[in-house]
Amino acid sequence: MIDLRLLREDPELLRASQRKRGEPVERVDELVAADEARRSAVSSFEALRAEQKQLGRLVPKAAGEEKAALLAKTKELAEKVKRAEAAVGEAEAALRAAQLALPNLVEEGAPAGGEDDYVVLREVGEKPSIAAPKDHLELGEALRAIDMERGAKVSGARFYYLTGQGALLQLALLQYGLSVAVEAGFTPMIPPVLVKPETMEGTGFLGAHASEIYHLPADDLYLVGTSEVPLAGYHKDEILNLTGPQRYAGWSSCFRREAGSYGKDTRGIIRVHQFDKVEMFSFCPPEQAHEEHLRLLAIEEELLGKLELAYRVIDVAAGDLGSSAARKYDCEAWIPSQGKYREVTSTSNCTTFQARRLNVRYRDAEGRPQTTATLNGTLATTRMIVALLEQHQQPDGTVKIPKALQAFLGGRDVLEPA
RNA sequence: GGAGGCUUCGCCUAGUUCGGUCUAUGGCGCCGCACUGCUAAUGCGGUUGGGGUCCAAAGCCCCUCCCGGGUUCGAAUCCCGGAGCCUCCGCCA
């Protein structure tokens with residue numbers, strides 16, 4: 001949700017943001033109108049209510065005819081108050097709807113345009129030159145690390161088993177990721193992966209992404225698509241004592257329906273319904289959010305570097321940010337079998353947009369409650385296995401394990417076909 | 001699944017019998033001031049949050065006693081529905 005004070009002060013800023021996203025500018029003016037309508041409804045209600053309270057206080061003191069007259073008057077007033085109150089309720093609902101319809105203000109500097117208008121900030125590491133690279137599934141099957149067939153037998157398409165050294169590799173990757181986070185001052189968290197509708201809604205995932213999410217109707221709970229959801233909800237309706245960023249690293253399974261992606265990435269574990277991820281999440285004072293965002297990106301890059309992967313960083317264009325993010329950087333690892341870079345991490349600065357919905361605040365230097373900023377970023381995830389296997393494959397069918405992971409694999413430095 | 005109890009301004013708590021300055025009591029904590037060589041102790045004052053009005057501040061006003069309805073001129077208080085927590089029973093591990 002956008003800050004209504006900002007909306008009143010500088011609607012043009014928001015219109016410009018909408019243009020940059022390629023979204024309708026009218027949403028801004030609709031919100032301005034809804035805001036004004038609400039305030040006028042509130043004023044009328046409050047005036048009537050004040051009068052009612054004042055008269056009501058006279059009732060017990062009055063007697064006889066005077067009292068009867070007073071009661072008649074207050075009764076009439078009570079009717080009006082009730083109507084005015086209902087009008088406020090409607091105006092508030094309309095305002096909320098208009099507020100939910102407007103995405104976050106895009107950060108200055110983010111590229112304008114849609115999905116293909118990203119800007120490549122840098123390419124890091126040397127792409128391995130592999131003659132006729134095998135893809136991760138071929139490698140994974142030879143290593144007996146990935147079993148898609150049985151995943152499909154048991155659960156359906158886009159499900160898989162990680163087996164043997166594949167399972168160990170994922171655990172090593174996630175543990176290493178978590179250890180990097182802990183070293184950087186993040187509190188490790190293992191959150192619930194089923195959340196209530198209000199939590200899912202608060203994080204902004206029930207809007208355009210609603211069809212991406214698994215819902216359990218019998219209990220009215222949602223399976224999270226990322227631990228960003230339970231981490232963001234962790235401090236819902238709280239006022240935090242923040243001086244700097246409060247950082248959490250959540251380790252969880254993630255569930256995605258992948259509706260509308262039929263036919264895309266059907267081979268292997270690039271796009272699956274269930275995977276595991278260590279996610280960074282920060283609550284911080286808004287003026288520190290930009291710096292924190294760069295910090296999250298730096299941590300992601302540090303990890304990719306330690307995994308000895310070639311990758312590039314892109315500055316995602318405004319139209320591809322999603323509603324909550326003001327700025328987003330993706331790291332994309334080189335996938336030799338595809339000859340392409342593919343997203344492995346993504347970090348977003350949601351400024352105060354998400355926290356306002358969830359009502360997460362902190363006290364500023366004057367002791368006044370203010371909305372926090374929230375940021376998130378991927379640290380380690382199942383998808384990285386794809387890049388690890390493919391980039392580190394050897395002509396003999398083995399796969400080298402990067403030094404950083406060896407300690408988490410009992411010192412092993414290579415995966416070998418079983 | 002069944003029965004009962006609880007939910008008040010950061011925490012604890014009074015108030016709910018019998019509806020009306022409850023415009024919510026007290027303690028703890030916190031902040032400020034005074035006293036003191038410093039600390040402690042003590043005294044005095046302040047301290048829920050949201051919103052409206054306003055250029056702004058002050059002030060004033062409205063909402064907020066778990067949530068949503070209802071009764072009433074008037075609800076923390078009465079009625080109905082719901083949520084959360086706790087205890088016991090049952091069931092499953």
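Contacts, sheet and core in a predicted model

Me: In this predicted model, which residues does Leu389 touch, not counting residues up to four places away in sequence?
Reply: Residues up to four places away in sequence are set aside here. What remains for Leu389 is His136, Leu139, Gly140, Leu143, Ile146, Leu169, Val399 and Leu415.

Me: In the largest nonpolar core, which residues touch the most other members?
Reply: This core has 59 residues. The element that gives the most to this core is α7, with 8 residues. The residues that touch the most other members are Leu307 and Leu389.

Me: How many residues are in the second, separate core?
Reply: This second core is separate, and its members include Phe45, Ala62, Leu70 and Ala84. Its count of residues is 13.

Me: Which side chain of opposite charge is nearest to Glu390, and how far away is it?
Reply: Glu390 lies in helix α12 and is buried. A salt bridge needs a nitrogen of Lys or Arg within 4 Å of a carboxyl oxygen, and Glu390 has none. The nearest side chain of opposite charge is Arg267, at 7.7 Å.

Me: Which residues is Glu390 in contact with, leaving aside its neighbours within four places in sequence?
Reply: Contact is counted for heavy atoms within 4.5 Å. With the sequence neighbours left aside, the partners of Glu390 are Ile130, Lys134, Asp135, His136, Leu139, Ile335, Pro336 and Ser337.

Me: Which strands stand at the edges of the open sheet of 8 strands?
Reply: The strand order is β1-β11-β12-β13-β16-β10-β9-β4, with mixed pairing. Two strands each have a single partner strand, so one side of each is left without a neighbour in the sheet. On average, neighbouring strands are turned by 25° against each other, direction ignored. The edge strands are β1 (119–124) and β4 (187–189).

Me: In which sense do β10 and β16 pair?
Reply: Strand β10 spans residues 274–284 and strand β16 spans residues 373–381. Val278 stands opposite Ala380 in β16. The two strands pair over 8 bridges, and the sense is antiparallel.

Me: What angle does the direction of α7 make with that of β16?
Reply: Helix α7 (residues 165–183) packs on the sheet. It touches β4, β9, β10 and β16. Its direction makes an angle with that of β16 of about 145°.

Me: Which strands does α12 touch?
Reply: Helix α12 packs on the sheet, and its direction makes about 35° with that of β12. The strands touched are β12 (327–335), β13 (340–349) and β16.

Conventions:
Residues are numbered from 1 along each chain as its sequence is written. Chains are lettered from A and ligands numbered from 1 in the order in which they are written. This is a predicted model: local features need pLDDT of at least 70, side-chain atom pairs count only at pLDDT 80 or more; totals for chains, interfaces and linings use all residues. Side-chain values use heavy atoms; hydrogens and water are left out. Helices (H or I, at least four residues) and strands (E, at least two) are DSSP runs, numbered from the N terminus. Buried means under 20% relative accessible area, exposed over 50%, partly exposed in between (1.4 Å probe, protein chains only). Lys and Arg count as positive and Asp and Glu as negative; His and the chain ends are not counted. Two strands pair if DSSP finds at least two bridges between them. Axes are lines fitted to C-alpha atoms, for helices over the stretch in contact, and angles run from 0 to 180 degrees between N-to-C directions. A nonpolar core is a set of buried Ala, Val, Leu, Ile, Met, Phe, Trp, Tyr and Cys residues joined through side-chain atoms within 4.5 Å.
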